[in-house]
Amino acid sequence: MSPTELAEKLHARDVALLAGRLLLSLIFVHEGLELATHFEGAQKAMAALGVGTPLLIATIALQLGAGLSVALGILARLGAVALGLFCLMTASLFHTNFASQNELLHFEKDLAIAGGMFILALSGSGRFSLNRALGRFVKSRAGEGAKVEAIEPHPSVGETSLPV
């Protein structure tokens, strides 16, 4: 058995996608929870940076919503694009003092995370995702031979998506 065949048999691609999704989403879910549970302190810190309360609330919602989307693999492509764009904006708005080694590191980190999110958006969430499980559930509820139009599997990665 070739290494490629072994990897396919063990679903290595899907395991790697799951691990990648979980690792990428961890920072956003954690930070969203921190901001939400320490809202008053976050509000003061953000105000010092010129970020108002409505934008803080939107940031918390984005980090939690898109972070969970990526982690669970439901609408993961959309969540990944949103978080990738968020990282690009954060890098360009808050981490451009390259005289500071710490700021440069944060800038590069945000770019790297954005790159990972864009790759995830292209590859999809894989076999081990809520999208896939929901697609199977809908098909089983419709019965064998019934045509399911609400959700259909993506042929290349097993991710379900709404038809266009």
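Author: Start with contacts, meaning heavy atoms within 4.5 Å. In this predicted model, residues 24 or more positions apart account for 62% of the protein chain's contacts with a separation of 6 or more.

Reader: Which pattern does the protein chain follow along the sequence?

Author: The pattern is α-α-α-α-α-α-α-β-β, which amounts to seven helices and two strands.

Reader: How much of the protein chain counts as buried?

Author: A residue is called buried when its relative accessible area is under 20%. By that cut-off, 32% of the 164 residues are buried. As for the surface, the chain exposes about 10,100 Å², with 69% of it supplied by carbon and sulfur atoms.

Reader: How far does helix α5 reach from its first C-alpha to its last?

Author: The span of a helix can be set against an expected value of 1.5 Å a residue. Helix α5 covers residues 76–94, 19 residues in total, and reaches 26 Å, close to the expected 27 Å.

Reader: Which residues of α5 are buried?

Author: They are A76, G79, A80, L83, G84, F86, C87, T90 and A91. Viewed down the axis of α5, these buried residues fall within an arc of 160°, so they line one face of the helix.

Reader: What does the face turned away from the buried side of α5 carry?

Author: That face carries L78 and L93, which are exposed.

Reader: And what covers the buried residues of α5?

Author: The cover includes four helices: α2 (12–37), α4 (53–72), α6 (101–123) and α7 (130–142).

Definitions and conventions. Residues are numbered from 1 along each chain as its sequence is written. This is a predicted model: local features need pLDDT of at least 70, side-chain atom pairs count only at pLDDT 80 or more; totals for chains, interfaces and linings use all residues. Side-chain values use heavy atoms; hydrogens and water are left out. The expected span of a helix is 1.5 Å times one less than its number of residues. Buried means under 20% relative accessible area, exposed over 50%, partly exposed in between (1.4 Å probe, protein chains only). The arc is that of the directions from the helix axis to the C-beta atoms. Accessible areas come from the Shrake-Rupley method with a 1.4 Å probe; for residues, only the protein chains shown count as cover.
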